[in-house]
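Work through the following exercises with the coordinates open. Try each task before reading its solution.

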Amino acid sequence: MPIAPVLMLAATIAAAPSPTPGPTLAIEDTMQTEVPEVLVRAPRVTLDEILDRVARGEARRESLITDQTFTATVRVVRNVKGDRPELFEESVWRIYRKRPNRLRTVPLRRWSAGKKQGAKAEVDVEFSPGMGERVVNFAFRPNARRGYRYRIVGRDLVGDRVIYRIAFETRSLLDSVSPSGLVWIDTNEFVIVREELEFRRSPVPVLLKGIDRMVVERQRAGEHWVLKRVMMRGEMTLPIPKFGKSFDFAIHYDDYELNRGLSDALFAKPRRGAPAAPAKSGGR
Amino acid sequence: MTRRLDWVLVVFAIAGAILATAPVSASSSVARDLGPMAQASPPDTTLDDFLEDYADSTERYFGMAAAPLDTAGLDSALAFGLAHPDAAGDRSGRFALGFGPWLAFNRVDGPLYGATAKVGQPRLLGELQGRLGYAVGPNDWMGGGEYTKLWGFRGSDATWLFNASAGRFTGVMDRDRADRIWASLRAFVAGTDNQRYLRRDGFWARLEYETSWWRLGTGYRDELESPLEVTTTWNLRKKAPSVVDNLPAALGRAREAMWYGTVRLPLIHGGWATAEHRSSGSAINSDFDYRRTRAAVGAEVPIAGVVSLVPQFEYGRLGGELVPQAAFYLGGSRSLQTVESSSRGGTGEAFGRLDLIGAPELFRFTNVLGIPPNSVQAGLFGALGAIWGPDPYGGPTIPGVDWPEREGWLGEVGISILLRPGLPDPAGFIHFDWAWPIGPDARERGFSVYYARPLFLVRPIVR
């Protein structure tokens, strides 16, 4: 018997897996299919084009809103990294906005830990009459493009929509106020639908040790995308008496009414003794 | 707002600035220009579910802050608020009051004790600020009022500013590098305030228009300018003041018209150019006859995300009569630091500085020292400067007409540590600069502590 075939046979037997008890899966070789190659000729949308479309999409979104009414809730929670987070302050406002720059804010509730109902709030948030929602698109406005670097992080197929995730960061090494972030863009309308912001440096080191996380969410109100929530978690550089170090700051936007034709009288300064004009769209 | 929690206001004012919303000046043509991919689409529950997944995780992270609003009682509060706008206080702020101290120290006024008060807000009816103080050195009262009005809401693409002031104040001879707080501290602690001072009695006003790309302004002033004598030479460290005299200002009524502008440079990242021109003459019944022009450019050029190159340059010329309070000066913290502050003057000035500033991530060790992380940066710099023309101090005329002669240039190199407190200006740094002279002249090494933005020769538009 030639020795080479014997050695090969021995090697084959040695390499074969030892039989184990249980079912054996046969190799399926009767069902085969082939998909013909498809040459994609459509050019891939470049990042620059996406950014252009986002700028136009955001401008379009804004241009379609002529007046806006919503309830804004400003909330501060203290000691969020401790055992017992505690609501420190909550104020609720009904906001009326109308183009070009009309604004009316009606306080509905002011609550502050250890203070009477209706006492003046410790935290004031100034609302702007603009409807551009700069907190969402500040890095995607045409005049901001030079100041940021952008990159496509990923794409998600959601139903019949493609959602682009685009990361951005400020180019400047000296600008500590502008955050970096990640946005989710609905490419049906090229509108930003969600944003996560990251402050690599504290904007106010002497007071704030840092901002751990900031999230901006949008929601649909009818046909339009509008703000839903802005939330931020931060930590003070030094503990503040009766407040602590860590805190959450949130603004909720609810009960939207858009393009209802708010009366100009709603924004007029009240004359002494004259009844104030009601909102055409009613209350909340 | 209670004093106890003023800091909360500061923090959330910053948050408010971040959250400020503003419109884009969009028209309906924008919608047509968006292209076929950007048509309004019907609500998609799949997308809503997709976003809801993220929202759920956000709620778990933020907990109580993300909880839904309890709406009990809000309807009746809204009905009351709409019917009683003043009672509800929804127009508060129009007459907001504020008070504060006014403290200063320099060798012409000595200690100045006073107070400031202000009412209103610039974006509403305007802000009116008054200040009154007593200068112990000359036994003189000083003060006046200032009104500021802004048109255009916060974050808007264009704003108008009107600003006017009237009263008696102490001014600084070097108009381009006036420093109040740090000069007072230096004078009080160690007597190392080298600024030259004069008295100004009268009024000024300016009107300014600003977009995110450019700013244009014009102004006028009518002030009696008079010299001041040194009255105070003491300081905490009981050292002899670094400057014991004061350059006398030319006495006279200065009526001056001013135009200025700033523009973002289109092809250079972080690039800005600024120019201003002031004119005073008999045509507007001024006692002085001069034309003062200054221009500056600067930029921030990030390199590989590790360092930033910050070049900046300024050029100034004074034509007509040499008035010390209109002249150009060289030396000091935001100039050549190996030259004593404002010690060299003339009718022409050229100054350039190049900074190489490292990213704050390179200095994480500062956390160990108790300084908030990423708030310290370090850099290298080089600077060149020259002054020429007749000397306001009475020295010989330095050769040069529109440009200095070659031997008129002075140079220096140095290192800097930049500490960013975030207040009062989020973009401002406390600079600790060590500078060494270049060249054969007998200047000494300089050390300066000052507060400024890295681009201090131009005034960028911040929105």
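## Exercise 1: a strand and its partners

In β2(A), the residue bridged to Val77(A) is Leu87(A). This is a predicted model, in which local features need pLDDT of at least 70, side-chain atom pairs count only at pLDDT 80 or more, and totals for chains, interfaces and linings use all residues. Residues are numbered from 1 along each chain as its sequence is written, chains are lettered from A and ligands numbered from 1 in the order in which they are written, and side-chain values use heavy atoms, with hydrogens and water left out.

**Task.** Find the sense in which β1(A) and strand β2 of chain A pair, and count the bridges.

**Solution.** 
1. Take strands as DSSP runs of E, at least two residues, and helices as runs of H or I, at least four, numbered from the N terminus.
2. Call two strands paired if DSSP finds at least two bridges between them.
3. β1(A) and β2 (residues 86–98) pair in the antiparallel sense, over 12 bridges.
4. Now turn to β10 (residues 244–258) of chain A: β1(A) pairs with it over 10 bridges, also antiparallel. There, Arg75(A) stands opposite Ala250(A).
5. Check burial (buried: under 20% relative accessible area; exposed: over 50%; partly exposed: in between; 1.4 Å probe, protein chains only). In β1 (residues 67–78), 11 of the 12 residues are buried, so the strand is largely enclosed by the rest of the structure.

## Exercise 2: two residues compared

**Task.** Is Thr58(B) buried or exposed? Which residues does Thr58(B) contact?

**Solution.** 
1. Locate Thr58(B) in helix α3 (residues 45–62) of chain B.
2. Thr58(B) has 0% relative accessibility, so it counts as buried.
3. List contacts (heavy atoms within 4.5 Å). Leaving aside neighbours within four places in sequence, Thr58(B) touches Arg194(A), Arg213(A), Val215(A), Glu217(A), Arg229(A) and Met231(A).
4. Repeat for Leu103(A), in strand β3 (residues 102–112) of chain A. At 29% relative accessibility, Leu103(A) is partly exposed.

## Exercise 3: nonpolar cores

**Task.** How many residues does the largest nonpolar core have?

**Solution.** 
1. Collect buried Ala, Val, Leu, Ile, Met, Phe, Trp, Tyr and Cys residues, joined through side-chain atoms within 4.5 Å.
2. The largest core has 49 residues; among those with the most contacts inside it are Phe140(A), Phe168(A), Leu227(A) and Tyr256(A).
3. Apart from this core lies another, of 28 residues, including Phe288(B), Val339(B), Ala383(B) and Leu457(B).
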